[in-house]
Amino acid sequence: MLETAVVLQLQQDVGEELARQLMLVFIEESKKTVGQLCTVAIHDPDVILFSHSLKSSAKTYGAMTLGLLCEDIERAAKGDNAVELERLLQRLPDIAEQTFIVAMAYTPL
């Protein structure tokens, strides 16, 4: 769910402690965004905003599966494809939860 090379690069770039703190912020903020995506109406323009934001941060932290799902959500929303958007949004909570569980492994005290 997370690409180890991306996480290791982050740790090398900013140090292990700051990388741990950043990962915790990623998890916390992403959980909020997932909640917003799961409650917003399908035709609401915020779907594009939320999915784009989550896509960017997920890919930054190596959560490529989540990032690619958000990319697909964003594309479906921009294309006004409600059926595909609904299908993708139904997958979001499970993919996000799996991602956050794996991400927590990078946050030991």
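The following paragraphs lead the reader through the structure, from the whole chain to single residues.

The model is predicted: local features need pLDDT of at least 70, side-chain atom pairs count only at pLDDT 80 or more, and totals for chains, interfaces and linings use all residues. Residues are numbered from 1 along each chain as its sequence is written, and side-chain values use heavy atoms, with hydrogens and water left out.

The chain contains five helices and zero strands. Helices (H or I, at least four residues) and strands (E, at least two) are DSSP runs, numbered from the N terminus. Read from the N terminus on, the order of elements is α-α-α-α-α. The radius of gyration of the chain is 14 Å, close to the 13 Å given by the globule rule for 109 residues, so the chain is as compact as a globular protein of that length. This radius is taken over C-alpha atoms, and the globule rule is 2.2 Å times the number of residues to the power 0.38. Along its principal axes, the C-alpha trace spans about 40 × 20 × 20 Å.

Two further values describe how the chain is packed. Of its 109 residues, 38% count as buried. Buried means under 20% relative accessible area, exposed means over 50%, and partly exposed lies in between (1.4 Å probe, protein chains only). Among contacts between residues at least 6 apart in sequence, 63% join residues at least 24 apart; a contact means heavy atoms within 4.5 Å. The chain exposes about 6,100 Å², of which carbon and sulfur atoms supply 56%. Accessible areas come from the Shrake-Rupley method with a 1.4 Å probe; for residues, only the protein chains shown count as cover.

The interior comes next. In soluble globular proteins, nonpolar side chains tend to be buried together. Here the largest nonpolar core has 30 residues, and those with the most contacts inside it are M23, L66, I73 and L92. Such a core is a set of buried Ala, Val, Leu, Ile, Met, Phe, Trp, Tyr and Cys residues joined through side-chain atoms within 4.5 Å. The helices α1 (4–14), α2, α3, α4 and α5 each supply at least two residues of this core, and α5 gives the most, with eight residues.

Leaving aside neighbours within four places in sequence, M23 is in contact with L2, V7, Y61, A103, Y106 and T107.

A search of the whole structure finds two of them. Rings of Phe, Tyr and Trp (its six-membered ring) pair if their centres lie within 6.5 Å; planes under 30 degrees apart count as stacked, over 60 as edge-to-face and the rest as tilted. F26 and Y61 form a stacked pair, 4.8 Å centre to centre with 20 degrees between the planes. F26 lies in helix α2 (residues 16–39) and Y61 in the loop between α3 (46–60) and α4 (64–78), so the pair ties together parts that are 35 residues apart in sequence. The rings of F26 and F100 have their centres 6.4 Å apart and their planes at 75 degrees, so this pair is edge-to-face. It links F26 in α2 with F100 in helix α5 (residues 82–104), 74 residues apart. F26 is buried at 3% relative accessibility, and F100 is buried at 4%.

K55 lies in helix α3 and is buried, with a relative accessible area of 14%. Beyond its neighbours within four places in sequence, K55 is in contact with G67, C70, E71 and E74. M64 belongs to helix α4 and counts as partly exposed at 23% relative accessibility. M64 and L2 are 62 residues apart in sequence and 6.6 Å apart in space, C-alpha to C-alpha. L8, in helix α1, is partly exposed, with a relative accessible area of 46%.
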